[in-house]
Amino acid sequence: MTTFPTLLIIDMQNCMASPDAGPRNNPQAETNIASLLAAWREHQGTVVHVRHISRNPSSGFAPGQPGAAFQPAFAPRAGEHVVEKNVPDAFINTGLERWLRVRGIADLVITGVSTNISVEDSARSAGNLGFRTTVVADASFAFATRDHAGARRTADEVHAMSLANLDGEYAAIVDTGDVLAGLRHGAAA
């Protein structure tokens, strides 16, 4: 049984770095994700990169589009697992659960984008499937959007609500510093 958690980096693709994606929060998220990735690599921890591949040929996430490629800072290295998904949830129709179970992985640390969509969906499934799940709040980000009633919600509001939806029921919510301190003391999350 693997005791070191697996780092799951969700949808850090070129599309998400485009100004066309809209107003977002956590401008330091990429720096924090890079710090976590460097720490995992230093400790030879398991890293899973999740990439969204759209079924819509006009999407920036469509196969072969520059937007679908990983951002260079988050490009997988040899030996790091890549999961391609067509829906927000990294566990749906991807084989991710089986891949983790075969390796005895029970603990996940989730980062990436967007907090209220792919991060939240994947963390909910992970929690429901019995994985001990941690979401790193300052290593994920969301975009501004309108709510169901039509009110404009800032990216900070969207992010905070999504984390509140997850906290305790599906995942522990922590910051990058907490995770890195845990690594220094022998427990990652």
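**Salt bridges and overall fold in a predicted model**

**Figure 1. Lysine 85 and aspartate 11, a buried pair.** Both lysine 85 and aspartate 11 are buried (under 20% relative accessible area; exposed is over 50% and partly exposed lies in between, with a 1.4 Å probe and protein chains only). Their side chains form a salt bridge, with N to O at 2.9 Å (a side-chain nitrogen of Lys or Arg within 4 Å of a carboxyl oxygen of Asp or Glu). Because lysine 85 belongs to strand β3 (residues 81-85) and aspartate 11 to the loop between β1 (6-10) and α1 (14-17), the pair ties together parts that are 74 residues apart in sequence. Helices (H or I, at least four residues) and strands (E, at least two) are DSSP runs, numbered from the N terminus. The model is predicted: local features need pLDDT of at least 70, side-chain atom pairs count only at pLDDT 80 or more, and totals for chains, interfaces and linings use all residues. Residues are numbered from 1 along each chain as its sequence is written, and side-chain values use heavy atoms, with hydrogens and water left out.

**Figure 2. Arginine 124 and glutamate 120 in helix α4.** A salt bridge joins the side chains of arginine 124 and glutamate 120 at 2.8 Å, N to O. The two residues are 4 apart in helix α4 (residues 115-128), so about one helical turn separates them. Arginine 124 is partly exposed because its relative accessibility is 26%, whereas glutamate 120, at 7%, counts as buried.

**Figure 3. Aspartate 147 and arginine 153.** The closest N and O atoms of this salt bridge are 2.8 Å apart. Aspartate 147 has a relative accessible area of 24% and is therefore partly exposed. Arginine 153, with 34%, is also partly exposed. Across the whole structure, the search finds 8 salt bridges.

**Figure 4. The whole chain, for orientation.** The protein chain has 6 helices and 8 strands, in the order β-α-α-β-β-α-β-α-β-β-β-α-β-α along the sequence. Its radius of gyration is 16 Å, close to the 16 Å of the globule rule for 189 residues, so the chain is as compact as a globular protein of that length (taken over C-alpha atoms; the rule is 2.2 Å times the number of residues to the power 0.38). Along the principal axes, the C-alpha atoms fill a box of roughly 45 × 35 × 30 Å. Of the 189 residues in the protein chain, 49% are buried.
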